[in-house]
Amino acid sequence: MSSQITAESARRRTFAVISHPDAGKSTITEALALHGQAISSAGAVHGKGDRKGVVSDWMSMEQDRGISITSAALQFEYRGCVVNLLDTPGHADFSEDTYRVLTAVDAAVMLLDAAKGLEPQTLKLFEVCRARRIPVITFINKWDRPAKDALELLEEIEERIGIKPTPVTWPVGIGGEFRGVIERIAIGERSEPIQKHSGERSEPAHGRADGMVRYERSPGGQQLAVTEVLDADEAAARFGDDFARAVEESELLAEVEADFDQKTFEAGQTTPTLFGAALVHFGVGQLLDLLVDIAPAPFAREDVDQTPRELDSGFSGFVFKSQANMNASHRDQLAFVRVCSGRFERGMQVTQAQGKRTMSTKYAQTMFGSARDTVEEAWPGDIIGLVNASGLSVGDTIYAGRHVEFPPLPAFAPEHFGALQMHDTSKAKRFRRGISQLDAEGVVQVLYSERRGEATPVLAAVGPLQFEVTLARLAAEFDVPAAIDHLPYQLARLTDAEGAKRLLTAPGIEVFTRPRDGAFLVALPNKYRIQTLQNDYAGIMLEPLLAGGQG
């Protein structure tokens, strides 16, 4: 069994795509699925006419707005590997969902808009990857449109985030006049094996700028682009100055030691970089091949005591996401579990580390967007969904055999607060069920105060779009129309039971309880109010919440 676990783990590639909104994240997710032959034609973020929407944006609000609101998992096989691809929300208001997803992956693809370069949300998400020591591959997207200079983009990456780009492909033609790419290393079927039998890695064979891969768009953009490998003479004859310039720049990169290196990539010191255009599928196949070639396979993860849980130990995993009502025909709740060690078998008894409860896993599924299939077994690196696993919360560890507990997932500090008012009091029971469900998923934090009573919960969020999602889902999934009354608070602090009692009548603030974990939170209008409270209430506990927020 140990050798089988090792072999199956080595076949897994589990990664997320991160970017600023509108950089093309859902589009490239769709294009990767098409290249992996997991779908027969690519949809569009704004599906029109007979063009379907993208599989990762399954929520109606995502399809209407053309943005990713919740993370999605896609699994498919490619070149003998099992690819677990996690699409993440790019909008800052959904940072908490993205952060959780990044706890469940072994690598990330950082997507940049070629005309805009590094944008604020991309920078924040990259820092999360750096903190979690997640290797990052960079894909410079939209090279079929006017763009910054390629060398300028590399310089921007190195100067602003302190990681050296090592281009594995280099564009022939400036942005907007994309002819194809030079492959600076051999990728995919043209590469040498990178996984030796001993488990050590060797680098893919370095190619030379002796030709190029030419792209041609397929009609309608729903199928793979046409690619053609040209030798140097033919490339020079057809693309003249564009090819000559690309060769010259590629040689310059070699002189400044910007060549790919596996060790520095895995150490987070360099980022292999590709150029392409996801909407027309230029360069996406090379990205998928590169992920299979160089992305790390699952490794032993550390538990709360910083002891690695070896891959061939008994089954273990952790819940990084919870989602209800993904499919109209499945009115249920799905706990997304990253398998960390051992072999998962459907129906096995597992233990919840936090509550010491045992539970059956009879209803286990793999996900492809909102589509689901029963899964009989899974291995380290895989993402599985446990259906209606009551009692499981985001951050929980489950295991079989030897006890293990993985570190908890911190909640982001809220910066927006709103009192939730339902329109129809006859639907109070349905209202409470909906709020409880959305709280369990982490869509928002649900708080209660003595001032407002249980009939008026207060929602706390990182960004206001989370309120819109809550209202839309309450109406669509629970048939409970509601409204938000925005409150004048901008940050929260953690207190204890004594502090909550002392601050109950303090002016300009509000004391809440958080049923999710029993915590007491103090909502404040600004950071200056913290100092006045500490002056007025000596010894009062006012601690910052984890992972973000003001003050």
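User: Is Glu257 buried or exposed, and how do I read that?

Analyst: Buried means under 20% relative accessible area, exposed means over 50%, and partly exposed is in between, using a 1.4 Å probe and protein chains only. Glu257 has a relative accessible area of 65%, so it is exposed. A quick caution: this is a predicted model, where local features need pLDDT of at least 70, side-chain atom pairs count only at pLDDT 80 or more, and totals for chains, interfaces and linings use all residues. Residues are numbered from 1 along each chain as its sequence is written, and side-chain values use heavy atoms, with hydrogens and water left out.

User: Where does Glu257 lie?

Analyst: In the loop between helix 7 (232-255) and helix 8 (262-266). Helices here are DSSP runs of H or I, at least four residues, and strands are runs of E, at least two, numbered from the N terminus. Glu257 also has a positive phi of about 60°, although it is not a glycine.

User: What is the phi of Gln37, and where is Gln37 found?

Analyst: Gln37 has a positive phi of about 60° and is not a glycine either. You'll find Gln37 in the loop between helix 2 and helix 3 (60-65), and it's exposed at 71% relative accessibility.

User: How do helix 2 and helix 9 pack?

Analyst: Two packed helices are described by the angle between their axes and the distance between the axes. Axes are lines fitted to C-alpha atoms, for helices over the stretch in contact, and angles run from 0 to 180 degrees between N-to-C directions. Helix 2 (residues 25-35) and helix 9 (residues 284-294) pack at about 75°, with axes 9 Å apart. That makes the two roughly perpendicular, a label for angles of 65 to 115 degrees. Ile28, Ala31, Leu32 and His35 of helix 2 make the contact with Val284, Gly285, Leu287 and Leu288 of helix 9, contact being heavy atoms within 4.5 Å.

User: Which side chain of opposite charge is nearest to Arg13?

Analyst: A salt bridge puts a side-chain nitrogen of Lys or Arg within 4 Å of a carboxyl oxygen of Asp or Glu. Lys and Arg count as positive, Asp and Glu as negative; His and the chain ends aren't counted. For Arg13 the nearest is Asp293, 7.3 Å away, and this buried residue has no salt bridge. Arg13 lies in strand 1 (residues 12-18). Its side chain reaches the backbone oxygen of Val292 at 3.2 Å, and the backbone oxygen of Ala295 lies 3.2 Å from a polar atom of that side chain.

Note on methods
A polar contact is a pair of N or O atoms within 3.5 Å; within protein, one must be able to donate a hydrogen and the other to accept it, and residues adjacent in sequence count only if both atoms are side-chain atoms. Angles under 35 degrees count as roughly parallel, over 145 as roughly antiparallel, 65 to 115 as roughly perpendicular and the rest as oblique.
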